[in-house]
Amino acid sequence: MKSIGIVSPQVMHFEAPLPLQSGASIADYCLVYETYGELNADRSNAVLVCHALNASHHVAGRYEDSEKSLGWWDNMVGPGKPLDTDRFFVIGVNNLGSCFGSTGPMHVNPGTGKPYGAAFPVVTVEDWVHAQARLADALGITQFAAIMGGSLGGMQAMAWSMLYPQRLRHCVAIASTAKLSAQNIAFNDVARQAILADPEFHGGNYYAHGVVPRHGLAVARMIGHITYLSDDDMAEKFGRMLRNGDYQFGFGVDFEIESYLRYQGDKFSEYFDANTYLLITKALDYFDPARAFGGDLTLALANTEAHFLLVSFTTDWRFAPERSREIVQALVRNRRAVTYAEIDAPHGHDAFLLEDVRYQNVVRAYYDNIWKEITA
Amino acid sequence: MNFQTNHMLRADLAFIASWVGEGSHILDLGCGDGAMLEYLENKGCSGYGVEIDDSNVAACVQRGVSVIQQDLETGLANFPNSAFDTVLCLSALQMMKNVEGILRDIARVGREAIVSFPNFAYWTHRLALLRGRMPVSRSLPYEWFDTPNVRCATIWDFEELANLVGLEVLDRVALDEAGQPVTWWPNLRGSLAVFRFRQKTPAA
């Protein structure tokens, strides 16, 4: 299917300080974003797509100078795709603290003249949403037709529905959760410890030393990657296949799965920032909108006004279907319009990024109806 | 064979819809492609369908009705007591393994419920059995080897189960193949049984 084609990012600068959940604030920051499609005359067809851990504002299309730079959700967003850019004005925005252009730990702190490094404030999902709302203000969008995301992106979409109930008509949260489990947090902390224990980390100020905690970052990615795949998927792809036909009786690479994970880890460590990894995993851990309501998610969602679409995947053990069902249950108790699809797919958490007819049919049908509302 | 495209069932849906109050909050179990929900929403009702089949879920989304993909055999624990004005379970009960369990759950989550199922004692079914063959009809359109129906019941059978499960039957009607109520000899002349009921003692 055709892609949106050549796209280019834009930058919006914000001078006014953004108060953060931690009590800190960040001033004089930039957000990088991309837009696809046309905003209609009454500004009613805007859709915000929120990214997950290792993605960015580059949702769809590719950059002029790079054949391989296809957006991370190009199979979902584009002309004729489930989220059709011939109908909708789609915005992808890079979150604060990320390493893909928006202000992050590698950028110069105007207060000190040095890179933020470890001094970059810890940001939360809610902080990101407030920053995104400022971008929406600047783009003249008072209400989104939909806000959509998968995984951590789904958390942002949900946070929007609670923080700015009137600013979105639909909330689409895929393979997401209203809070991380102890096991999820445990995986995140092992990943963080790998980074923190890397001698090249230098307390987060490795930029000054001209080094990168590459090994820690690679191990962090390896751990994360394991949790994105299903046991069956891994067994089918790799099984016990050996790299060199026989045991090597050493601690190098014996099995194909080791080779694959090391390759993924190394590749990741070349383009991702270690401080960003720490920040984003903390944002994941802290997300728990029910916490302010004594753990009652039904109360947390009581002021929402959006209609919801939730999708989960049966083999996703990172954010299992049960996590989505909890959200559905809380929405049903609030009598919110909610549709929930549980897709029987073999690819674990990663399934939300992959093409699957049943999954895409549901999302497409959902957006068809949003389009009907807009054009009614 | 698809129940939802069966002409007779369109008529029975229209009849059953007349039993649902305007503006009711509805749970439609085994909602199929969402046609009934859409019809009821046009009557000012709100609520959700519950459906297991992927293509039916997509069809519901296409209609713009809220649907929750869920296996009814796992029960309705995710819905609170008396959360709905009316729970519908239309031409789905006969496909369930745990009929007793789902009936108790239906009565718990709905202030009132309407269920329908093919009446096995319909005269053409009786005739087929007399001839020594399993019945195949508009309300039982499957062969014995490919039917999703695992329960065969008659109108009288259901009365007995309703009593056992602690349901108070408020209304019962047998519909003929044209979806019209049958007044005399319903258990012989009705192909579809429809019951409206509620829990005998309200949920604590």
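Mentor: Start with Ser151(A). At 8% relative accessibility, Ser151(A) counts as buried. Keep in mind that this model is predicted.

Trainee: Where does Ser151(A) sit?

Mentor: Ser151(A) is in the loop between β11 (146–150) and α2 (152–163) of chain A.

Trainee: What is the phi of Ser151(A)?

Mentor: Near 60°, which is a positive value in a residue other than glycine. Most residues other than glycine have a negative phi.

Trainee: What about phi of Arg43(A)?

Mentor: Phi of Arg43(A) is near 55°, again positive in a residue that is not glycine. Arg43(A) belongs to the loop between β4 (29–36) and β5 (46–50) of chain A.

Trainee: Is Arg43(A) buried or partly exposed?

Mentor: Partly exposed, with a relative accessible area of 40%. Ser151(A), by contrast, is buried at 8%.

Trainee: Let's switch to helices. What is the angle between α3(A) and α5(A)?

Mentor: Their axes cross at roughly 165° and come within 7 Å. The two helices are therefore roughly antiparallel to each other. The crossing is right-handed.

Trainee: Which residues make that contact?

Mentor: From α3(A), Phe187(A), Val190(A), Ala191(A), Ala194(A) and Ile195(A). From α5(A), Gly216(A), Leu217(A), Val219(A), Ala220(A), Ile223(A) and Thr227(A). By class, the contact has 9 nonpolar, 2 polar and no charged residues.

Trainee: How does α3(A) pack with α8(A)?

Mentor: Helix α3 (residues 182–196) and helix α8 (residues 274–286), both of chain A, pack at about 160°. Their axes are 10 Å apart. So this pair is roughly antiparallel too. The crossing here is left-handed.

Trainee: Which residues of α3(A) and α8(A) are in the contact?

Mentor: On the α3(A) side, Ile185(A), Asn188(A), Ala191(A), Arg192(A), Ile195(A) and Leu196(A). On the α8(A) side, Ala274(A), Tyr277(A), Leu278(A), Thr281(A), Lys282(A), Leu284(A) and Asp285(A). That makes 8 nonpolar, 2 polar and 3 charged residues.

Trainee: Back to Thr227(A). Is Thr227(A) buried or exposed?

Mentor: Buried, with a relative accessible area of 1%. Thr227(A) is in helix α5 (residues 214–228) of chain A.

Trainee: Which polar partners does its side chain have, then?

Mentor: A polar atom of the Thr227(A) side chain lies 2.7 Å from the backbone oxygen of Gly224(A). The Thr227(A) side chain also makes a polar contact with the side chain of Arg318(A), at 2.7 Å.

Trainee: What does Thr227(A) touch, not counting residues up to four places away in sequence?

Mentor: Phe187(A), Trp317(A), Arg318(A) and His349(A).

Trainee: How far is Trp317(A) from Phe100(A) in space?

Mentor: 28 Å, C-alpha to C-alpha. In sequence, the two are 217 residues apart.

Trainee: And where is Phe100(A) found?

Mentor: In the loop between β8 (89–93) and β9 (108–109) of chain A. Phe100(A) is partly exposed, at 25% relative accessible area. Setting aside residues up to four places away in sequence, Phe100(A) touches Asn54(A), Ala55(A), Ser56(A), His57(A), Asn94(A), Tyr271(A) and Phe272(A).

Trainee: New topic: Gln360(A). Which helix holds Gln360(A)?

Mentor: Helix α11 (residues 357–375) of chain A. Gln360(A) is buried, with a relative accessible area of 11%.

Trainee: What lies 3.0 Å from its side chain?

Mentor: The backbone oxygen of Asn75(A) lies 3.0 Å from a polar atom of the Gln360(A) side chain. Beyond neighbours within four places in sequence, Gln360(A) is in contact with Asn75(A), Met76(A), Pro82(A) and Glu355(A).

Trainee: On to chain B. Which residues of α3(B) are buried?

Mentor: In helix α3 (residues 54–63) of chain B, Asn56(B), Val57(B), Ala58(B), Cys60(B) and Val61(B) are buried.

Trainee: What do they pack against?

Mentor: In chain A, β14 (338–343) and α11. In chain B, β2 (46–51) and β3 (67–69). Just after α3(B), Gly64(B) takes a positive phi of about 85°.

Trainee: Last one. How do α4(B) and α6(B) cross?

Mentor: The axes of helix α4 (residues 99–109) and helix α6 (residues 155–165) of chain B cross at roughly 60° and come within 10 Å. The crossing is right-handed. Val99(B), Glu100(B), Leu103(B) and Arg104(B) of α4(B) meet Phe158(B), Leu161(B), Leu164(B) and Val165(B) of α6(B). By class, that contact has 6 nonpolar, no polar and 2 charged residues.

How values were computed: Residues are numbered from 1 along each chain as its sequence is written. Chains are lettered from A and ligands numbered from 1 in the order in which they are written. This is a predicted model: local features need pLDDT of at least 70, side-chain atom pairs count only at pLDDT 80 or more; totals for chains, interfaces and linings use all residues. Side-chain values use heavy atoms; hydrogens and water are left out. Axes are lines fitted to C-alpha atoms, for helices over the stretch in contact, and angles run from 0 to 180 degrees between N-to-C directions. Helices (H or I, at least four residues) and strands (E, at least two) are DSSP runs, numbered from the N terminus. Angles under 35 degrees count as roughly parallel, over 145 as roughly antiparallel, 65 to 115 as roughly perpendicular and the rest as oblique. A crossing is left-handed if the near helix is turned anticlockwise from the far one by less than a right angle, and right-handed if clockwise. Contact means heavy atoms within 4.5 Å. Ala, Val, Leu, Ile, Met, Phe, Trp, Tyr, Cys and Pro count as nonpolar, Asp, Glu, Lys and Arg as charged, and the others, Gly among them, as polar. Buried means under 20% relative accessible area, exposed over 50%, partly exposed in between (1.4 Å probe, protein chains only). A polar contact is a pair of N or O atoms within 3.5 Å; within protein, one must be able to donate a hydrogen and the other to accept it, and residues adjacent in sequence count only if both atoms are side-chain atoms.
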